[in-house]
Amino acid sequence: MRVLIVKLSSLGDVVHAMPVVHDIRSVYSGARIDWVVEPAFAPLVRRVQGIGEVIECAQRRWRKRWWTSAVRAEWREFKRKLTAERYDAVIDLQGLTKSALVARMAQGPSFGLANKTEGSGYEWPVRWLIDQTIEITPRIHALDRSRELAARALNYQVSGSPYFGLLSHAEPLAQPTVVFVHGTSRDDKLWPEECWVELGQRMVASGVAVALPHAGPVELARAERIARAIGPQASVWPQMSLDALVDRLGAAQGVIGVDSGLSHIAVALNLPHVQLYNFPTAWRTGPLAAHGHHHQAALEREPTPEVDLVWATWQVVRRAKRG
């Protein structure tokens, strides 16, 4: 069997789709699974056990310069790769017009969403672009949505906890370290800086160093302020590629972070993790006990989770991982 997954973006959505690869190969052991994804996330997908070819689709960049000869050449090469093989199933896990168009171009019957699910994007032209649409329960975790759609497309039952199959080539860190994922795409998802500082000081007092990754100048400035306030046992990681960041994360003792793609990578790496939500949306994207994440937890509070609660939850997930 040869299957093509279409999941172009974003980072968290790509991570939530990863268990589909293991699910398919558990039922069809000889399956060859390829994946179409935005170039920024291609290095991450290539790390997933069981993935064949990763086909990069730079739609966002192409739209900005579609008239140039360079973009036209890239498009022709993309189309050549996309249509080079005949697939038994092309599964659009995104449910958007842009992903459905890619699925329609590929060689083979296409499957996709028939309806919108709560908190996830969906566009009505999908119904006319996809060969067979599948209705999914509207209130469903993003991870379960992908698993259920693929299972129904390929006629098997979802079973067991999700297995992401994300490989990390981790080099040991100099000392036990917990990573604070403080950055996210929306300001209303942030955790207050003073909370990060207080939590960091507790970490350091317990003998654990703190590391703060960043993406861009705004996150860098925040990371530097937090690290300075915590003290010399807190460090700001240099900006690095997604590949390098996955390896560095994989070597940590755990992660505490807001709702972001990097936090979802921590879940996929099977690290002890506490994920922080300012809204009651953890059921949709957070680590859940129902998924077997006993060493990972989501905390929801309005306006924001308290430091004491985060610290206590960290002790629980850390012990659960050791156990």
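What is the volume of the largest pocket? In this predicted model, the largest pocket has a volume of about 1,300 Å³. Its lining comprises 46 residues, and those closest to the pocket centre are S10, L11, G12, S260 and G261. At least two lining residues each come from α1 (11-17), α8 (142-154), α11 (242-250), α12 (261-268), β11 and α13. The largest share of this lining is supplied by α1, with four residues.

An open sheet is built from six strands, arranged in the order β3-β2-β1-β4-β5-β6 with parallel pairing. Its edges are formed by β3 (51-56) and β6 (132-134), each of which pairs on one side only. On average, and with direction ignored, neighbouring strands of the sheet are turned by 20 degrees against each other. Three bridges join β5 (residues 110-113) to β6 in the parallel sense. Within this pairing, L113 has I134 of β6 as its bridge partner.

Helix α2 (residues 19-27) packs on the sheet, where it touches β1 (2-6), β2 (32-37) and β3. The direction of α2 makes about 160 degrees with that of β2. Helix α5 (residues 69-82) lies across β1, β2 and β3 and runs at about 155 degrees to β3.

Helix α9 spans residues 193-205, 13 residues in total. From its first C-alpha to its last, α9 reaches 18 Å, close to the 18 Å expected at 1.5 Å a residue. The buried residues of α9 are C195, W196, V197, L199, G200 and M203. These buried residues pack against the strands β7 (177-181), β8 (209-212), β10 (254-258) and β11 (273-277), as well as against the helices α10 (217-230) and α14 (307-322). Just after α9, G207 adopts a positive phi of about 95 degrees.

Residue H294 is placed in the loop between α13 (282-285) and β12 (296-300). H294 counts as exposed because its relative accessibility is 57%, and the cut-off for this class is over 50%. When residues up to four places away in sequence are not counted, H294 touches A289 and A320. The C-alpha atoms of H294 and I33 are 29 Å apart in space, and the two residues are 261 residues apart in sequence.

Note on methods:
Residues are numbered from 1 along each chain as its sequence is written. This is a predicted model: local features need pLDDT of at least 70, side-chain atom pairs count only at pLDDT 80 or more; totals for chains, interfaces and linings use all residues. Side-chain values use heavy atoms; hydrogens and water are left out. Buried means under 20% relative accessible area, exposed over 50%, partly exposed in between (1.4 Å probe, protein chains only). Contact means heavy atoms within 4.5 Å. The expected span of a helix is 1.5 Å times one less than its number of residues. Two strands pair if DSSP finds at least two bridges between them. Axes are lines fitted to C-alpha atoms, for helices over the stretch in contact, and angles run from 0 to 180 degrees between N-to-C directions. On a 1 Å grid over the protein atoms alone, a cavity is a set of points where a 1.4 Å probe fits but cannot get out, and a pocket is an open set with protein on both sides within 12 Å along at least five of seven lines; lining residues have an atom within 4 Å of a point. Grid points are joined across faces, edges and corners, and a volume is the space filled by probe spheres set on the points.
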